[in-house]
Amino acid sequence: MSVDDTGSGTDAHGRVDPPRPSASFERGDAHDADSGEDPLALRLEALILGAERRYTPFQAARSAGVSMELASRFWRAMGFADIGQAKALTEADVLALRRLAGLVEAGLLSEAMAVQVARSTGQTTARLAEWQIDSFLEGLTEPPEPGMTRTEVTYPIIELLLPELEEFLVYVWRRQLAASAGRVIQAADDEEMVDRRLAVGFADLVGFTRLTRRLEEEELGELVEAFETTAADLVAARGGRLVKTLGDEVLYAADDAGVAAEIALLLVETMANDDTMPELRVGIAFGTVTTRMGDVFGTTVNLASRLTSIAPRDAVLVDSAFAEELIRTGEAPASEAEAAEAAAAAEKEGEEPPTYRFALQPMWQRPVRGLGVVEPWLLTRREGTA
């Protein structure tokens with residue numbers, strides 16, 4: 001293990017050890033006071049980062065063996081503001097630069113891909129960190145005594161929680177990575193790994209703009225959190241993937257049309273049974289989807305969004321490709337007349353009639369901006385299948 005003059009170091013695996021407390025660390029040194037920054041805030045930063053400030057961006061880039069230009073690209077991609085040449089970076093920042101650059105040098109990642117890795121990681125963890133501070137720590141850091149600052153209360157709490165939260169984050173990431181890798185391996189060919197045929201669904205709260213004018217901020221936040229939590233739980237439990245949440249709207253995807261249909265109907269039914277929630281409308285489309293950085297793009301996604309905007313309240317509209325996929329897989333009959341004929345034929349032969357989970361009703365064709373004329377289908381449950 002190597003140890004620098006701050007008392008921190010790296011072990012054989014390249015991990016940065018937390019700095020050993022020192023007198024200046026406990027009280028905040030004169031440089032911190034001169035900089036105008038709160039010494040307690042600097043202590044908290046050092047605790048979380050596992051090291052004290054030591055490098056300017058130029059020094060960090062030189063120590064990591066990368067160009068200043070590439071270091072700046074990585075830094076911005078991770079979502080951090082330019083800091084000029086302030087001495088604000090730590091040994092951990094140098095190690096991160098060195099690792100990303102090493103992946104490029106080894107040929108495991110292109111430079112563009114390394115920047116994309118930095119950006120996707122930064123965007124994902126930024127939202128996680130904001131949520132944890134705003135929603136989780138806020139309720140735990142009310143000063144127990146007058147005169148105590150929030151930072152003074154936060155420090156010991158973070159000191160206790162940090163290692164546990166870090167371990168949990170790594171565990172969840174590995175689980176998600178395993179699940180995502182499994183989906184890719186099951187793809188039919190290399191092209192399908194990037195451009196895949198998926199069912200994509202949007203679920204949108206009706207009248208959300210009006211609610212923002214009527215509800216207090218705290219009430220609105222609780223409603224959005226309840227909606228997102230309910231949607232995330234239902235999507236995950238049924239085997240779908242929550243792509244993103246947009247306050248009053250969630251976007252999810254599923255490899256199987258039947259799974260996507262079940263999720264959509266469950267969302268509508270669950271919200272309809274909750275008097276505190278607005279009505280919901282859902283649009284689903286099936287087709288080729290491009291996946292990038294955990295998000296989905298393409299005409300199929302745009303069509304699902306448009307179907308959501310024209311869907312009736314507490315109802316699910318799907319496109320013709322999605323309807324055809326449900327019919328092909330035996331999840332829904334092409335028509336009720338066909339279902340009746342199949343049941344009669346089965347009864348005549350002394351066989352069990354086919355069972356369908358869903359019903360499809362063709363709606364009026366209509367032009368959709370940017371997508372031409374589409375034929376929506378109203379998706380419902382067949383009686384006795386709830």
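Author: Quick definition before we start: a polar contact is a pair of N or O atoms within 3.5 Å. Keep in mind that this is a predicted model.

Reader: Which backbone nitrogen does a side-chain oxygen of Thr-90 reach at the start of α6?

Author: The cut-off for a polar contact is 3.5 Å. At the start of α6, the side-chain oxygen of Thr-90 comes to within 3.1 Å of a backbone nitrogen, and that nitrogen belongs to Ala-92.

Reader: How far apart are the end C-alpha atoms of α6, given its 15 residues?

Author: Helix α6 covers residues 91-105. At 1.5 Å a residue, those 15 residues should span 21 Å, and the model agrees, because the end C-alpha atoms of α6 are apart by 21 Å.

Reader: How do α5 and α6 sit relative to each other, roughly parallel or roughly perpendicular?

Author: Their axes are 11 Å apart, and the helices pack at an angle of about 105°. Angles of 65 to 115 degrees count as roughly perpendicular. So α5 and α6 are roughly perpendicular.

Reader: Which residue is the charged one in the contact of α5 with α6?

Author: On the α5 side, the contact uses Ala-71, Phe-74 and Trp-75. The contact residues divide into six nonpolar, no polar and one charged. From α6 come Leu-97, Leu-100, Ala-101 and Asp-93.

Reader: Which residues of α6 are buried?

Author: Buried here means under 20% relative accessible area. In α6 the buried residues are Glu-91, Val-94, Leu-95, Leu-97, Leu-100 and Ala-101.

Methods: Residues are numbered from 1 along each chain as its sequence is written. This is a predicted model: local features need pLDDT of at least 70, side-chain atom pairs count only at pLDDT 80 or more; totals for chains, interfaces and linings use all residues. Side-chain values use heavy atoms; hydrogens and water are left out. Axes are lines fitted to C-alpha atoms, for helices over the stretch in contact, and angles run from 0 to 180 degrees between N-to-C directions. Helices (H or I, at least four residues) and strands (E, at least two) are DSSP runs, numbered from the N terminus. Angles under 35 degrees count as roughly parallel, over 145 as roughly antiparallel, 65 to 115 as roughly perpendicular and the rest as oblique. Contact means heavy atoms within 4.5 Å. Ala, Val, Leu, Ile, Met, Phe, Trp, Tyr, Cys and Pro count as nonpolar, Asp, Glu, Lys and Arg as charged, and the others, Gly among them, as polar. The expected span of a helix is 1.5 Å times one less than its number of residues. Buried means under 20% relative accessible area, exposed over 50%, partly exposed in between (1.4 Å probe, protein chains only). A polar contact is a pair of N or O atoms within 3.5 Å; within protein, one must be able to donate a hydrogen and the other to accept it, and residues adjacent in sequence count only if both atoms are side-chain atoms.
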